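Work through the following exercises with the sequence and the coordinates open. Each task is followed by a stepwise solution.

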Amino acid sequence: MLRIPLKPRENLNQIAEDYGFNFHIIDDEIYWDESHAYCFTLDQIETGIEDPTAELHQMCLEVVDTAINDELVLNQLAIPELYWDAIADSWKTNKSSLYGRMDFSWNGYSTAKLLEYNADTPTSLYESAFFQWQWLSEMTACGLLPTNADQFNSIQEKLIQRFLLWRNEYPFYFCCCEDSIEDRGTVLYLEDCASQAGLQTQFLYMEEVGLGVGGVFTDLQDQIIHQGFKLYPYEWMFQDDYGPVLRSQRTEWVEPLWKSILSNKGLLPLLWRYFPNHPNLLPAYFADEQINIVGKLKQDMGNNWQGFTTKPLFSREGANVSLFLNHENEVITEEFGEYAHEPRIYQASALLPKFGSDYTLIGSWVIGDEPAGIGIREDRSLITKDTSRFVPHYIMG
């Protein structure tokens, strides 16, 4: 895993505009950064990221299968009891999922460690699936990268194939909130993939989703939404006035309700509970467990102890995540946000590798149940946020 300096394309702004990449610059700061790229060997990708992603995903499915029948676990996940039966039903009736992203701390040679699984509403999809492939194609075509350079990236073709599951007589709605350019870009990209799969598609802001007679989700023309994708997390929907309508499951939302278990940071202590000492897992515990948590984390990590991290169950984009060196009063870094009062988990730290002055996070994409590619984010902070830069990658040898 090498960080290779490169010259950005002179017409990058025009290229981004031509392809609708409207958030390649965020708040006048570079988001898409092609001044360098990460180079891997094929063996590094296959054994270091792809294989662990596949194995961990199957482990996550086992967690769901156990959790839906365990009231203590559902309480620890802070999922309202009102939705337990519907979540279990969505799992037992095999409601299909579309995608997710596992975030790893990995330096290219040691064992990758899972930091979390963004299984409900992960972003950075368009830049991972399409724009970094477009970058590779152009860089190899003009001789700035070797012509045999490759990329771990079958995301788009797998998305199109996956959308075939929802091809029927009903339109497929794509929904996100009005106030996010990045979310709108992600949804536009997914809508394009669905169209390529032959689906009838319609776009609707979440603020425009209505309720029809009998308790159904409707569009602006009061037509029933039979199926749709929502870039809007379940923990928000559970708190909304129309949340109880989810229980009827007359709308098949993607992701399915059972993904609310995997998108919860409580997944991390559950994985450690059911698969203790797995090489790709970090020790993790719920904050309310009746043990000396920091002492137990230190014992579990042994000579690999690097401190610990606390995370709210429903934190997004690094909000309210805190990293501690050894004890609770020795903070390395923390991010503030709106999740300070949420229940928390404790997780042993695997600090992100540092390249130059930047810390690097690898996001490994799962489409359906298969690993499909990676996206890399960089930040001067150890906590990756929504403004952290995206950096492309390629494979040699």
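## Exercise 1: the setting of M237

M237 counts as buried because its relative accessibility is 0%; buried means under 20% relative accessible area and exposed over 50%, with partly exposed in between (1.4 Å probe, protein chains only). The model is a predicted one, in which local features need pLDDT of at least 70 and side-chain atom pairs count only at pLDDT 80 or more, while totals for chains, interfaces and linings use all residues. Residues are numbered from 1 along each chain as its sequence is written, and side-chain values use heavy atoms, with hydrogens and water left out.

Task: which element holds M237, and which residues is M237 in contact with, leaving aside neighbours within four places in sequence?

Step 1. M237 belongs to helix 8, residues 234-239. Helices (H or I, at least four residues) and strands (E, at least two) are DSSP runs, numbered from the N terminus.

Step 2. Contact means heavy atoms within 4.5 Å. With neighbours within four places in sequence set aside, the contacts of M237 are Y83, M206, F217, K230, Y232, Y242, G243, L246 and W253.

## Exercise 2: strand 11 and its partners

Task: which strands pair with strand 11, and in which sense?

Step 1. Two strands pair if DSSP finds at least two bridges between them. Strand 7 (residues 172-176) is parallel to strand 11, with four bridges; G228 in strand 11 is the bridge partner of Y173.

Step 2. Strand 12 (residues 252-254) also pairs with strand 11 in the parallel sense, over three bridges. Here G228 has W253 as its bridge partner in strand 12. From strand 11 the chain passes through helix 8 to strand 12, a right-handed β-α-β crossover. Right-handed is the term if, with the strands pointing away from the viewer, the path from the first strand over the helix to the second runs clockwise.

Step 3. Strand 11 (residues 227-230) is covered on both faces: Q227 and F229 are buried on one side, G228 and K230 on the other.

## Exercise 3: domains

Task: how many Å separate the centres of domain 1 and domain 2?

Step 1. Domain 1 covers 2-263 + 356-396, and domain 2 covers 283-349. These bounds come from an automatic or database domain assignment.

Step 2. Taken over C-alpha atoms, the centres of domain 1 and domain 2 are separated by 25 Å.
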